[in-house]
Amino acid sequence: MSGDGLLWSILLPSLIVLNVSAILLYKKGKMPLWGSGLLIVILGPIIALITGPVFLKIDHSMGGDGFGAAYSAAFIGFVIVGNGILYLIIGLVLGIKNFIKRRQVKQSR
């Protein structure tokens, strides 16, 4: 398998699992979006730190120097953290919107 295929075979399932979990938890009312975003931001570097040595070992076994493995792991980490930041921002905006909406309803009574 090529390096690109390995990168995408780790990144896409990770994003799908994290995004589906965040949306399901939000729809069930168990966790706000900003909380899921914060959790994803924390999990991003952990996933990158786990995949980095695996990619490095595979790269060294194929005769590489490891730079591609390091860049791939960093890319995975940055994409997952960016996804988490997006959820965090959307969750904060929705929370502020709901707060303002509730405040306007209380003032109109």
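The buried residues of helix α2 are Leu33, Gly35, Ser36, Gly37, Ile40, Gly44, Ile47, Ala48, Thr51, Gly52, Phe55 and Asp59. Buried here means under 20% relative accessible area; exposed means over 50%, and partly exposed lies in between (1.4 Å probe, protein chains only). Helices are DSSP runs of H or I, at least four residues long, numbered from the N terminus.

This is a predicted model: local features need pLDDT of at least 70, side-chain atom pairs count only at pLDDT 80 or more, and totals for chains, interfaces and linings use all residues. Residues are numbered from 1 along each chain as its sequence is written, and side-chain values use heavy atoms, with hydrogens and water left out.

**Helices α1 and α2**

The cover over the buried residues of α2 includes α1 and α3. Helix α1 has its own buried set: Leu7, Leu11, Ser14, Leu15, Leu18 and Ala22. These residues pack against α2 (33–61) and α3 (67–108). Contact means heavy atoms within 4.5 Å.

The expected span is 1.5 Å times one less than the number of residues.

| Helix | Residues | Span | Expected span |
|---|---|---|---|
| α1 | 25 residues | 36 Å | 36 Å |
| α2 | 29 residues | 41 Å | 42 Å |

The span of α1 is close to its expected value. So is that of α2. Just after α1, Gly29 has a phi of about 80°. After α2, Gly63 has a positive phi near 90°.

**Buried contacts**

Thr51 sits in α2. Thr51 counts as buried because its relative accessibility is 9%. Leaving out residues up to four places away in sequence, Thr51 touches Ile10, Ala73 and Ile76.

Ser72 belongs to α3. At 17% relative accessibility, Ser72 is also classed as buried. Beyond its neighbours within four places in sequence, Ser72 contacts Leu7 and Phe55. Leu7 is one of the buried residues of α1, and Phe55 is one of those of α2.

A nonpolar surface patch is formed by Trp8, Leu12, Ile16, Val20, Leu24 and Phe75. Together they have about 560 Å² of accessible area. Areas come from the Shrake-Rupley method with a 1.4 Å probe; for residues, only the protein chains shown count as cover. Patch members have over 30% relative accessible area and no salt bridge; nonpolar side chains (Val, Leu, Ile, Met, Phe, Trp, Tyr) are joined within 5 Å, like charges within 9 Å. A salt bridge is a side-chain nitrogen of Lys or Arg within 4 Å of a carboxyl oxygen of Asp or Glu. Helix α1 supplies the largest share of the patch, 5 residues. Leu24 lies in α1. With a relative accessible area of 45%, Leu24 is partly exposed.

Ser9 is also in α1. Its relative accessible area is 35%, so Ser9 is partly exposed. A polar atom of the Ser9 side chain lies 2.8 Å from the backbone oxygen of Leu6.

Gly5 is partly exposed, at 28% relative accessible area. From Gly5 to Arg103 the sequence separation is 98 residues, and the C-alpha to C-alpha distance is 50 Å.

Definitions and conventions: Helices (H or I, at least four residues) and strands (E, at least two) are DSSP runs, numbered from the N terminus. A polar contact is a pair of N or O atoms within 3.5 Å; within protein, one must be able to donate a hydrogen and the other to accept it, and residues adjacent in sequence count only if both atoms are side-chain atoms.
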